[in-house]
Amino acid sequence: MNLRLAIALLLLTVSTASGLTIVGYDPAVNDRFASGYASAPVGNSSLSFLGNGYDLSGVGWSSTDSTRSFAMISDQYFVYANHHGPGSTLNFFSPTLGSVVSYGVSNTYNFTFNGQTSDFAIGMLSSALDGAHGITSYPILDLPFTIDYLGLPALIYGHGSNGPRLGANTVDVVLPYNFPGGTGNDSYGIGYSYNSSLPGDSMFESGDSSSPTFIPWHGQLALVGTHSVTGTISDTPYSIDNLIAVYLDQMTTQGIDFSVVPEPSRAMLLLVGACAVLRRRHRAPRE
């Protein structure tokens, strides 16, 4: 990311994120479910599915609006965009039961950035996930420096006419931004440019805020962001997520359960081993 691009993003007029557009969309490659969503979904068993080999059971949806998706970070907490809340009940597809199960939402938590309420939020289920339901949760990707996220391949979760979809993209920018209606930079984001001529490239559009973005990490899915806003820079569309790692200190202060990758000891080893060449990099701000 160069300074010119950073300034353009900071001055960008953005709009709230919506449904997922995928260049060359193919149901076998991109749809999480083959049929039956949202009341009786049948999993996509195609070997070409982008999510093949990964556990997506920890991504649920609002019982009143099945286009709204939310990812678990522990057996009771989930992440979302502050402007696109979950409602009173979340539904999940239980891989052990082969059916939909429901959990009530009992509490929500807001977070701040630069002294203002950010677009990142967390919800709490009224009871912990039942182990018999086989629903997973996801660690949060916490890298030593913001620049370390650049260039990482991402799996972007969204919705479409047949239910939830998975698309692909690459992290292009990491920086603070002004959520619509805020005063100055009030959120911190991770962004992906969209190229309509690049097969498989994806971008969220209307109604898809709160859905997660994952980074494949040593064979598992790690959460990196929740969909927040979209915008255009020099005629290039961008999607921007809330970067979850920025808010980990606040999450700890509020007593919210979560895990991270790499493990803290591993992250320290990476930091020590790279310090000689990374002195000019800056750590992601946390409040």
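Leaving aside neighbours within four places in sequence, which residues is Tyr-149 in contact with? I looked this up first. Contact here means heavy atoms within 4.5 Å. Tyr-149 is in contact with Leu-141, Asp-142, Leu-143, Val-171, Val-174, Ile-190, Val-224, Leu-243 and Ala-245.

Notes on the source. I am working from a predicted model, in which local features need pLDDT of at least 70, side-chain atom pairs count only at pLDDT 80 or more, and totals for chains, interfaces and linings use all residues. Residues are numbered from 1 along each chain as its sequence is written, and side-chain values use heavy atoms, with hydrogens and water left out.

Entry: cores. I looked up the largest nonpolar core, which has 49 residues. Such a core is a set of buried Ala, Val, Leu, Ile, Met, Phe, Trp, Tyr and Cys residues joined through side-chain atoms within 4.5 Å. Buried means under 20% relative accessible area, exposed over 50%, and partly exposed in between, with a 1.4 Å probe and protein chains only. The residues with the most contacts inside the largest core are Ile-73, Ile-122, Leu-141, Tyr-149 and Met-251. Apart from this core lies another of 13 residues, including Tyr-80 and Leu-125.

Entry: barrel. I traced a closed barrel of six strands, in the order S5-S6-S7-S10-S9-S8, with antiparallel pairing. Neighbouring strands of this sheet are turned by 40 degrees against each other on average, direction ignored. For such angles, axes are lines fitted to C-alpha atoms, for helices over the stretch in contact, and angles run from 0 to 180 degrees between N-to-C directions. Strands (E, at least two residues) and helices (H or I, at least four) are DSSP runs, numbered from the N terminus. Two strands pair if DSSP finds at least two bridges between them.

S5 (residues 59–62) pairs with S6 (residues 69–72) over three bridges, and the partner of Gly-60 in S6 is Phe-70. Two bridges join S5 to S8; there Trp-61 has Asn-91 as its partner in S8. S8 and S9 (residues 99–113) pair over six bridges, with Thr-89 opposite Gly-104. In the hairpin of S8 and S9, Gly-98 takes a positive phi near 70 degrees. How many of the six residues of S8 are buried? I found five.

Entry: rings. I noted 14 aromatic pairs in the whole structure. Rings of Phe, Tyr and Trp (its six-membered ring) pair if their centres lie within 6.5 Å; planes under 30 degrees apart count as stacked, over 60 as edge-to-face and the rest as tilted. Phe-92 and Tyr-103 are edge-to-face, at 6.0 Å centre to centre and 80 degrees between the planes. Phe-92 is in S8 and Tyr-103 in S9, so the pair ties together parts 11 residues apart in sequence. Both Phe-92 and Tyr-103 are buried.

The ring centres of Phe-111 and Tyr-247 are 6.2 Å apart and their planes stand at 65 degrees, so this pair is edge-to-face. Phe-111 lies in S9 and Tyr-247 in the loop between strand S19 (236–243) and helix H3 (248–253), so the pair ties together parts 136 residues apart in sequence.

Entry: Arg-32. I placed Arg-32 in the loop between helix H2 (27–30) and strand S3 (33–35). Why does Arg-32 count as buried? Arg-32 counts as buried because its relative accessibility is 6%. A polar atom of the Arg-32 side chain lies 3.0 Å from the backbone oxygen of Leu-56.

Notes:
Polar contact = N/O pair within 3.5 Å; in protein donor to acceptor, adjacent residues only side chain to side chain.
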